[in-house]
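Notes follow in the order I made them.

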Amino acid sequence: MSITAREMLATSRPLVIAHRGDSRQAPENTLPAFLKATQLNVDFVELDYQESRDGVPIVFHDDTLDRITNARQVWPDSPPEIAIASRSLCELRQLDAGSWFSTEFRETPLSTLAEVCDVIAPRSLLAIERKTGSVRTLLAVLAENVAAQRSVVMAFDWQFLTELHAARPLLPLVALGEGPLTDEKLAAAQATGACVIGWQNEALLCDDVGRIHTRGLKAWCWTVDNRDRAAELWSAGLDGLITNVPGEMLKLRREQFA
Ligand code: G3P
Ligand code: CA
């Protein structure tokens, strides 16, 4: 039987989490990027999702479509900044989310969260970051999907995490945050029911890792692409790092924890 997300969280070696897939090798948050990350054998594949106008969770980071799709070409008369929430799933299916990255990925489509769970969860654990959308919508996707056992759910919105924890107490949650990690923030993050604190690289101090552990929580950090910084955080006991260069970080981990 495949390892569950909860079992992976309990392992002692530091985890390597591929930010938006192997996002330096393929367009972020697309199936090609996720499949490349699974081929590296990362511990978790991270993704973001936003809800479409008709309430379907779509795997996508930004609030607007302009940066990494051809939405402007498809809908030239739209006002500047085309919100993903202003388009239906059917409309979003028309978009090319790969050409901005390279011609090799021309016409790569956006995927729904359900599609990514179906394809990737059997191959890798998932770190699902909710950007927008309700608890009900997320649980509808996870119901009867292997991803229900193979995922952690992350959010900056701690009210969302609190509601999700009340609905599904056994689902592992990651409370994301940024800025100085004060005792007040740490207590509020823990109060959501999260078992992992996922903090901003630029703000996380090595001493914070111990403060997180003292509360019986795991410490993750985003987004760490620098080898020296990764080594420093691992020495401090960091449990997981979210990175745009998962191949490099896996290699570094093999060197440090051989
Ligand atoms: O997973 C945490 C990290 O991804 C949060 O930042 O903006 O890349 O979603 P962002
Ligand atoms: Ca994210």
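**Helix packing**

I began with handedness: α5 and α6 cross in the right-handed sense. The model I am reading is a predicted one. Next I looked up the geometry of this pair. Helix α5 covers residues 113-120 and helix α6 covers residues 135-142; their axes lie 9 Å apart, at an angle of about 35 degrees. Which residues make the contact? From α5 I noted Leu113, Ala114 and Cys117, and from α6 Leu138, Val141 and Leu142. I sorted this contact by residue class: six nonpolar, no polar and no charged.

Then I went to α6 and helix α8, residues 158-167. Their axes come within 10 Å and cross at roughly 50 degrees. I therefore logged α6 as oblique to α8. The crossing of α6 with α8 is right-handed. On the α6 side I listed Val135, Leu138 and Leu139; they meet Phe160, Glu163, Leu164 and Ala167 of α8. By class, I get six nonpolar, no polar and one charged for this contact. Leu138 is on my list for α5 with α6, and I have it again for α6 with α8.

**Strand β4**

Is strand β4, residues 125-130, buried or exposed? I found six of its six residues buried, so the rest of the structure largely encloses β4.

I checked the strand partners of β4 next. Strand β2, residues 44-51, runs parallel to β4 and is joined to it by six bridges. One pair I wrote down is Phe44 with Leu125 of β4. With strand β5, residues 151-155, β4 also pairs in the parallel sense, over four bridges. There I noted Ala127 opposite Val152 of β5.

I found a cis peptide bond between Trp222 and Thr223, with omega about -10 degrees. Thr223 sits in the loop between β8 (218-222) and α11 (227-235).

Where are the positive phi values? Asn29 has one of about 55 degrees, and Asn41 has one near 70 degrees. I placed Asn29 in the loop between β1 (15-18) and α2 (31-40). Asn41 is in the loop between α2 and β2. I then looked up accessibility. Asn29 is buried, at a relative accessible area of 2%, whereas Asn41 is exposed, at 59%.

Methods: Residues are numbered from 1 along each chain as its sequence is written. Chains are lettered from A and ligands numbered from 1 in the order in which they are written. This is a predicted model: local features need pLDDT of at least 70, side-chain atom pairs count only at pLDDT 80 or more; totals for chains, interfaces and linings use all residues. Side-chain values use heavy atoms; hydrogens and water are left out. Axes are lines fitted to C-alpha atoms, for helices over the stretch in contact, and angles run from 0 to 180 degrees between N-to-C directions. Helices (H or I, at least four residues) and strands (E, at least two) are DSSP runs, numbered from the N terminus. A crossing is left-handed if the near helix is turned anticlockwise from the far one by less than a right angle, and right-handed if clockwise. Contact means heavy atoms within 4.5 Å. Ala, Val, Leu, Ile, Met, Phe, Trp, Tyr, Cys and Pro count as nonpolar, Asp, Glu, Lys and Arg as charged, and the others, Gly among them, as polar. Angles under 35 degrees count as roughly parallel, over 145 as roughly antiparallel, 65 to 115 as roughly perpendicular and the rest as oblique. Buried means under 20% relative accessible area, exposed over 50%, partly exposed in between (1.4 Å probe, protein chains only). Two strands pair if DSSP finds at least two bridges between them.
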